[in-house]
Amino acid sequence: MEHADLIVIGAGQSGLATAALAPRHGFARVLVLESAEEPGGAWPRYYDSLTLFSPARYSSLPGMRFPGDPDRYPRRDEVVDYLRAYAERLPASIRTSTTVASAIRQDNVWRVRSEDGREFTAPAVIAATGDYGTPFSPDIQGHPGFGGRVLHAADYRSPGAFAGQRVIVAGGGNSAIRIAAELGPVADTTLATRRPIGWTPQKPLGRDLHWWLKYTRVDIAPIRRLLAKVPVSVIDDGHYRAALDGHGVDRRDMFSRFTTGGVLWADGPRRTSTRSSSPPATAPCSAT
């Protein structure tokens, strides 16, 4: 059994940042438990072309600047490299390949057990696992009888596997838009959303949106309840909107149900595969 002052579950950016700041709050011995084979959380498993929509200057964790041009938008692999380097500098012990099975508080002590039977104890535990490992996919009528593939954005990697197929991307957030934009050149792609896409300029008046949020102090204003009611908006410098238009990616209102050979649109006829005689439709469902 291993004892610590604080156990952090998850070695993604939240868990690593927590471990970095913990000594300032009296936690001398910090233990980080990570289910993956290396620190970095879900970042190594995101789709290949993922690029941050926040500049590098706003992507640093406590105590270590994100390297390179501060105004560029880092790609996935740059973030992975940064998190690896950050983990190496931490004043904490990191146990990878350690999936937590239970955490029980007894006599003012947390007892954490991993799936392989190891036990760890600490007076405090912080869960920083996120929800990437349990992505939500809506329960849409007709799904069990659908003849194609249905996958979440968490399972999407690159467009090559969808070449020549008809694809429906369900969702209107940043991930859905970017996936649809790169599928457009290789597949007959439709974007299905519950409301029209909301576009937010990435650089209003020549400055990145995050600069404006910090300059106006909106990023720390107590308006969370109001923001929760604001529709999902896509941050774009014009590139993704042009890509959707240029490659004929059409947007339609969300379909009402699956059929064996495609989907049934609420505003029109069924849509089935026309480019491929393999499974009739493929629908990466992207969380918004």
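Visitor: How are residues numbered, and what is counted?

Guide: Numbering starts from 1 along each chain as its sequence is written, and side-chain values use heavy atoms, without hydrogens and water. The model is predicted, so local features need pLDDT of at least 70 and side-chain atom pairs pLDDT 80 or more, while totals for chains, interfaces and linings use all residues.

Visitor: Why is helix 1 called roughly parallel to helix 2?

Guide: The axes of helix 1 (residues 13-21) and helix 2 (residues 76-89) cross at roughly 25 degrees and come within 10 Å. Helices here are DSSP runs of H or I with at least four residues, and strands are runs of E with at least two. Axes are lines fitted to C-alpha atoms over the stretch in contact, with angles from 0 to 180 degrees between N-to-C directions. Angles under 35 degrees count as roughly parallel, over 145 as roughly antiparallel, 65 to 115 as roughly perpendicular and the rest as oblique. Helix 1 is therefore roughly parallel to helix 2.

Visitor: Which residues of helix 1 and helix 2 meet?

Guide: From helix 1, Q13, L16, A17 and A20 meet L83, Y86 and A87 of helix 2, where contact means heavy atoms within 4.5 Å.

Visitor: What makes the pair of Y46 and Y132 edge-to-face?

Guide: Rings of Phe, Tyr and Trp (its six-membered ring) pair if their centres lie within 6.5 Å; planes under 30 degrees apart are stacked, over 60 edge-to-face, the rest tilted. The structure holds nine aromatic pairs. In the pair of Y46 and Y132 the centres are 5.0 Å apart and the planes stand at 90 degrees, so the pair is edge-to-face. Y46 is in the loop between strand 3 and helix 2, and Y132 is in the loop between strand 8 (125-127) and strand 9 (149-152), 86 residues apart.

Visitor: Why is Y132 called buried, and Y46 partly exposed?

Guide: Buried means under 20% relative accessible area, exposed over 50%, and partly exposed in between (1.4 Å probe, protein chains only). Y132 has 17%, so Y132 is buried. Y46 has 25%, so Y46 counts as partly exposed.

Visitor: Why is the pair of F66 and Y82 called stacked?

Guide: The planes of F66 and Y82 are 25 degrees apart and the centres 4.6 Å, so the definition gives a stacked pair. F66 lies in the loop between strand 3 and helix 2, and Y82 in helix 2, so the pair ties together parts 16 residues apart in sequence. Both F66 and Y82 are buried.
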